[in-house]
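Please keep the sequence and the model open while reading.

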Amino acid sequence: MAGLTTHVLDTSIGKPAYKILIELYSIDKNCKKKISECFTNKDGRLDNPLISSENFVKGKYEIVFHVKEYFLKNNLVTPDYNFYENIAIQFSIDEDSHYHIPLLLSPFGYSTYRGS
């Protein structure tokens, strides 16, 4: 089934990241258009896919994870110093399949990959 999902794990505490605002944009010729926004649940996942099989379109996309508020609320950084405000990941969807783009997060580093 085609679609796009994500989840966020906070590797600094070994738990899912709760209440991170995530925005999804489509990109066409350097013009970004917001498709959706949602928050991670207590499992660090979204209640619905970012792109469902019914709305699946090949193209270029960007996911923006708004991490500053998450770090501040969980006392992982101070108001005077926060390294990341937002983490933006640009990628292309070029085949009819499921795309899963997780974010492994800490206050001073992150990684991502195409999952299953």
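In what sense do strand β4 and β5 pair, and over how many bridges? Strand β4, which covers residues 21–28, pairs with β5 in the antiparallel sense over eight bridges.

## Basis of the values

The model is predicted, and local features need pLDDT of at least 70, side-chain atom pairs count only at pLDDT 80 or more, and totals for chains, interfaces and linings use all residues. Residues are numbered from 1 along each chain as its sequence is written, and side-chain values use heavy atoms, with hydrogens and water left out.

## The four-stranded sheet

An open sheet is formed by four strands in the order β5-β4-β6-β7, with antiparallel pairing. The edges are held by β5 (31–39) and β7 (86–93), each of which has a single partner strand, so one side of each is left without a neighbour in the sheet. Strands here are DSSP runs of E with at least two residues, and helices are runs of H or I with at least four, numbered from the N terminus; two strands pair if DSSP finds at least two bridges between them.

Within the sheet, the bridge partner of Leu21 in β5 is Phe39. Strands β4 and β6 pair over seven bridges in the antiparallel sense, and Glu23 has Val64 in β6 as its bridge partner. The antiparallel pairing of β6 and β7 runs over eight bridges, and Ile63 stands opposite Ile89 in β7.

## Glu62 in strand β6

Glu62 lies in strand β6, which spans residues 59–66. Is Glu62 buried or exposed? Glu62 counts as buried because its relative accessibility is 5%, and buried means under 20% relative accessible area, exposed over 50%, and partly exposed in between, with a 1.4 Å probe and protein chains only.

Not counting residues up to four places away in sequence, Glu62 touches several residues, including Glu23, Tyr25, Lys32 and Gln90, where contact means heavy atoms within 4.5 Å.

## The nonpolar core

The largest nonpolar core has 27 residues, and those with the most contacts inside it are Ile20, Phe65 and Leu105. Such a core is a set of buried Ala, Val, Leu, Ile, Met, Phe, Trp, Tyr and Cys residues joined through side-chain atoms within 4.5 Å. The largest share of this core, four residues, comes from β7.
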